[in-house]
Amino acid sequence: MMLPSKLRDLRDLRKKHGLSQKELAEKLMTTQAKVASWENGDSVPDISYIAKLTVLYDVSADYLLKDGKQEGQTIMDRQNTKRLGRINSIYWTIVIAVYLLASIATGRWSTSWVLFILGGAIWLIGAGFHWINSTK
């Protein structure tokens, strides 16, 4: 059975996905009153709705049914991870491009490697700030 905190999670998930109660009800082929009843703790969705909610919100059934935090990542966590991977790729592409341009412009291929060290140091600082913010 779902606890009141889990029912609040349903409301938070709905809002996070930008859905109104009416829109969610339409997606689940139910009434807005039922959705409101679940979110207010007056009733609990049956298993068919829980299955639909797991697909819609891309969360596990355990997340909706068990007390405690979800094991694994929600879709938002995965999107943030993908975004961070893209940022890292772009960052290192820029560092390599600057290295190549500096090496070609100066003709000093052997001393331009300092740019990689500088790029790595800046990346480590950024990764440290990201880690600190993610542990809050």
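# Exercises on a predicted model

Tyr91, Trp92 and Trp123 are linked by ring pairs into a cluster. The model is predicted; its chain has an average pLDDT of 80, and 83% of the residues score at least 70.

**Exercise 1.** Find how many aromatic pairs there are, and classify the pair formed by tryptophan 38 and tyrosine 49.

Solution. The count comes to 3 aromatic pairs. For tryptophan 38 and tyrosine 49, the ring centres are 5.1 Å apart and the planes make an angle of 50°. Planes under 30 degrees apart would count as stacked and over 60 as edge-to-face, so this pair is tilted. Tryptophan 38 and tyrosine 49 are both buried.

**Exercise 2.** Classify the pair of tyrosine 91 and tryptophan 92, and decide whether tyrosine 91 is buried or partly exposed.

Solution. The centres of the two rings lie 5.3 Å apart, with 85° between the planes. The cut-off for edge-to-face is over 60 degrees, so the pair of tyrosine 91 and tryptophan 92 is edge-to-face. Tyrosine 91 has a relative accessibility of 22% and therefore counts as partly exposed. Tryptophan 92, at 28%, also counts as partly exposed.

**Exercise 3.** Determine whether threonine 54 is buried or exposed, and list the residues it touches beyond four places in sequence.

Solution. Threonine 54 sits in helix H4 (residues 47-57). Its relative accessibility is 15%. Buried means under 20%, so threonine 54 counts as buried. Leaving out residues up to four places away in sequence, threonine 54 touches Val59, Ser60, Ala61 and Leu64.

**Exercise 4.** Name the residues of the nonpolar surface patch, then locate tryptophan 113.

Solution. Ile96, Leu100, Ile104, Trp109, Trp113, Val114, Phe116 and Ile117 make a nonpolar surface patch of about 780 Å². Helix H6 (75-106) and helix H7 (114-134) are the elements that give two or more residues to the patch. Tryptophan 113 is in the loop between H6 and H7. With a relative accessible area of 45%, tryptophan 113 is partly exposed.

**Exercise 5.** Which elements of the chain have the lowest and the highest mean pLDDT?

Solution. The lowest mean, 75, belongs to helix H5 (residues 61-65). The highest, 93, belongs to helix H2 (residues 21-28).

Terms used. Residues numbered from 1 in each chain as written. Predicted model: local features only at pLDDT ≥ 70, side-chain atom pairs only at ≥ 80, totals over all residues. Heavy atoms only, no water. Helix = DSSP H or I, 4+ residues; strand = E, 2+ residues; numbered from the N terminus. Buried < 20%, exposed > 50% of the residue type's maximum accessible area, 1.4 Å probe, protein only. Contact = heavy atoms within 4.5 Å. Patch = residues over 30% accessible without salt bridge, like charges linked within 9 Å, V, L, I, M, F, W, Y side chains within 5 Å. Areas by Shrake-Rupley, 256 points an atom, 1.4 Å probe, with all protein chains shown as cover. Salt bridge = Lys/Arg side-chain N within 4 Å of Asp/Glu carboxyl O. Phe/Tyr/Trp six-rings, centres within 6.5 Å; stacked < 30°, edge-to-face > 60°. pLDDT = per-residue confidence, 0-100.
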